[in-house]
Every structure is written in structure tokens, then in C-alpha cells.
Amino acid sequence: MLPMMVNIRNKKVIVIGGGKIAAKRIESLLRFQPNITVVSPVLEERLHDLVKSDVIEHIARSFHKSDVKGTFLVIAATDDTAVNQRVKESCQTNQLINIVDDPANSSFHFPAMYEKNEITIAVTTSGISPMLAKNLRDEFAAIVDGMDPEYLLFLKEVRHLVKEGQFTKEQKRILLKECLEEWYHSNSIQRSIFMDKILDLYYHPQKNKR
Ligand SMILES: C[C@@]1(CC(=O)O)c2cc3[nH]c(cc4nc(cc5[nH]c(cc(n2)[C@H]1CCC(=O)O)[C@@](C)(CC(=O)O)[C@@H]5CCC(=O)O)C(CC(=O)O)=C4CCC(=O)O)c(CCC(=O)O)c3CC(=O)O
Ligand SMILES: NC(=O)C1=CN([C@@H]2O[C@H](COP(=O)(O)OP(=O)(O)OC[C@H]3O[C@@H](n4cnc5c(N)ncnc54)[C@H](O)[C@@H]3O)[C@@H](O)[C@H]2O)C=CC1
């Protein structure tokens, strides 16, 4: 499967079923701000609260095949395999569908996720061991948590100057590699020295040619 970052802001998402797994899926989707509708005769308490506060919409009935029409992303999350299969059959081939009890026939999976300071971690084991995915995610998350947010701002600023400045391709590559060196991670003095060097080259491009 192709891993990619997809912008689902304001995109129509339909979740069929309103149980525990549906709630788990909806909770992980919400921070990406899609437009979620749940179709289910019964809803988990957590989902009721989201409906009451207008965060998601609820259609209180069983699935009908027209429900998936025009939706970007579909989640078949009922506890009835036959219904989940009908959801799948109702979809067009270009719709993204996740079937909670049929990973092999789903067109996308949910990885173990973590997001902080614009860094996103997503780990999947392709269904072999979701718990391993979770553990690996926690290990990578600890690395990201240990990063000084100032260091990330430094990397952002360096890259901006390198992209905008008059540097050769080779110089760009060297500078972008150099700012990743270990000593810049936690040493703000080293970072300022490096930044001064880049600013000097940025404002005096003739020095690049020496
Ligand atoms: C295919 C996939 C769904 C998809 O996306 O299509 C899938 C499928 C299934 N999971 C099952 C069980 C469990 N899943 C978890 C946990 C997580 N499951 C997640 C993803 C995925 N799970 C996708 C594959 C991802 C991958 O492999 O990398 C994580 C990573 C992300 C998330 O859920 O958001 C999240 C951890 C991260 C977090 O918590 O942050 C736990 C442990 C726990 O909850 O602590 C258990 C119990 C232990 C066990 O069974 O291993 C069952 C059996 C159901 C049954 O027995 O009926 C199925 C169905 C099947 O295997 O057929
Ligand atoms: N992918 C995953 O990570 C996991 C998947 N599962 C699978 O997820 C399935 C669902 O589990 P839970 O959410 O715990 O079940 P649940 O019993 O909490 O919820 C089932 C929901 O489906 C709804 N439903 C039933 N028939 C429907 C229909 N015709 N139309 C619309 N809604 C309908 C019910 O109203 C209920 O809200 C399980 O059968 C299991 O196979 C379970 C654990 C993990």
C-alpha cells in the first residue's frame, strides 16, 4: 500500500456503525477536520456527545447503499460482516474504504499515529501486529518528544534561507545536511553560529563563488 499524507479537511466521511470501533476511528479522524456523518440505529455514548455538540452528524437508521454516494472516505464499522460487505459493494472503486473486519479488502488502513511540532509518525505492520505498530510508534514518538522545538524552528529557517538564497545545488545539499549534525540538536550557541554563517552567505552571495 502507498503511504501518503492526505488532506481530508472538510471532506465528506461516512462511518457505518456507531459502536466502539466506529468511535475509535472517528476520534482519530477528528483532528484532521473532516465532515463526518455516522449512520447507525444505535450510538455509543461518546458519539452522542459529539452529535450533541455538532461535531459530527448522525443518521439514526440502518445502512442504505445510497449513503456512500459522493463521499471521499468510507468506514464500514458495523459488527455485521454481511452489512460491511454491502457497504464495500456500494462503493465506487475510486472511493477510499476501510472495512473493520476485512483488512485485506480495505483500500486503506489506520496506522499507529503521532503528531507533534509538524512532525508526523505513522507506523503500520500491515495487520501482522497492531500492538507492535503501537510500540514502534511510541519509540519514535519519544525521539520526537526529546527534540527541542527551537531546533525544529532552526531547521525551518535554515531551509527557507537555503531555498531562497543564491546557492549552487551542491552548496544547498551540504548546508541542509550540515544543520542536521548532532551538536545543533541541543546547543543554541552552535545554532546561532551556523545561522550567522548562512545569513552571511545569503546576503553576500558573491562569497559563495570563492
Ligand atoms: C488492519 C487494522 C485496521 C485497519 O486500519 O484496517 C487493524 C485490525 C485489527 N486490529 C485488531 C485488534 C487490535 N487492534 C489494536 C490496536 C490498534 N490497531 C490499529 C490498526 C489496525 N488494526 C490496522 C492494522 C495496522 C497495523 O497492523 O499496523 C492501530 C495501530 C491504529 C488504530 O486503531 O487507530 C491501533 C494501535 C495504535 C493506538 O492505539 O494508538 C489492539 C491493541 C490495543 O487496542 O491496544 C488490538 C487487540 C490486540 C490484537 O488483536 O492484536 C483486530 C482484531 C479484532 C478482533 O479480534 O475482532 C483487527 C482485525 C483483524 O485483524 O482482522
Ligand atoms: N479494525 C480494528 O481495529 C478492529 C475491528 N474489530 C471489528 O469491528 C467490529 C465492530 O466492533 P465494535 O465497534 O466493538 O461493535 P459494537 O457492537 O460496539 O458496534 C456495532 C455497531 O454497528 C451498528 N450496526 C449494526 N448493524 C448496522 C447496520 N445495518 N447499519 C448501520 N449500523 C449498524 C450498531 O448499531 C452498533 O452501533 C467487530 O465485529 C470486529 O470484527 C474489532 C476490534 C478491532
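One more thing before you start clicking: what you have open is a predicted model.

**Stop 1: the five-stranded sheet**

Switch to cartoon view and look for the open sheet. Its five strands run in the order E3-E2-E1-E4-E5, and the pairing is parallel. Now select 57-59 and 96-99. These are E3 and E5, the edge strands; each has a single partner strand, so one side of each is left without a neighbour in the sheet. Look along the sheet and you can follow its twist, which averages 15° from one strand to the next.

E2 and E3 pair in the parallel sense over three bridges. To see one of them, show Thr37 with its bridge partner in E3, Glu57.

**Stop 2: the helix across the sheet**

Select residues 81-90 for helix H3. Which strands does H3 lie across? Colour 12-16 (E1), 73-76 (E4) and E5, and you have them. Against E5, helix H3 runs at about 170°.

**Stop 3**

Next, pick 112-116 and 119-123, strands E6 and E7. This pair is antiparallel, with five bridges.

**Stop 4: the largest pocket**

The largest pocket holds about 920 Å³ of space. It is lined by 24 residues, and to find its centre, select the closest ones: Met4, Val6, Phe108, His109 and Pro111. Which strand gives the most? That is E7, with three residues. Colour the lining by class and you get 17 nonpolar residues, six polar and one charged.

**Stop 5: the second largest pocket**

Here the space comes to about 750 Å³. There are 25 lining residues, and the closest to the centre are Lys24, Arg25, Phe110, Pro111 and Pro130. Pro111 is also among the residues closest to the centre of the largest pocket. To see what builds the lining, select 20-30 (helix H1), E5, E6 and 130-145 (helix H4); each supplies at least two residues. Coloured by class, this lining shows twelve nonpolar, seven polar and six charged residues.

**Stop 6: zoom out**

Finish with the whole chain. The domain assignment gives domain 1 as 12-110 and domain 2 as 149-209. Give each its own colour: how many Å separate their centres? Taken over C-alpha atoms, the centres of domain 1 and domain 2 are 46 Å apart.

Terms used:
Residues numbered from 1 in each chain as written. Chains lettered and ligands numbered in written order. Predicted model: local features only at pLDDT ≥ 70, side-chain atom pairs only at ≥ 80, totals over all residues. Heavy atoms only, no water. Pairing = 2+ DSSP bridges. Helix = DSSP H or I, 4+ residues; strand = E, 2+ residues; numbered from the N terminus. Axes fitted to C-alpha atoms, helices over the stretch in contact; angles between N-to-C directions. Contact = heavy atoms within 4.5 Å. 1 Å grid on protein atoms, 1.4 Å probe; cavity = no way out; pocket = protein on both sides within 12 Å on 5 of 7 lines; lining within 4 Å. Points joined across faces, edges and corners; volume = space filled by probe spheres on them. Nonpolar A, V, L, I, M, F, W, Y, C, P; charged D, E, K, R; others polar. Domains from an automatic or database assignment.
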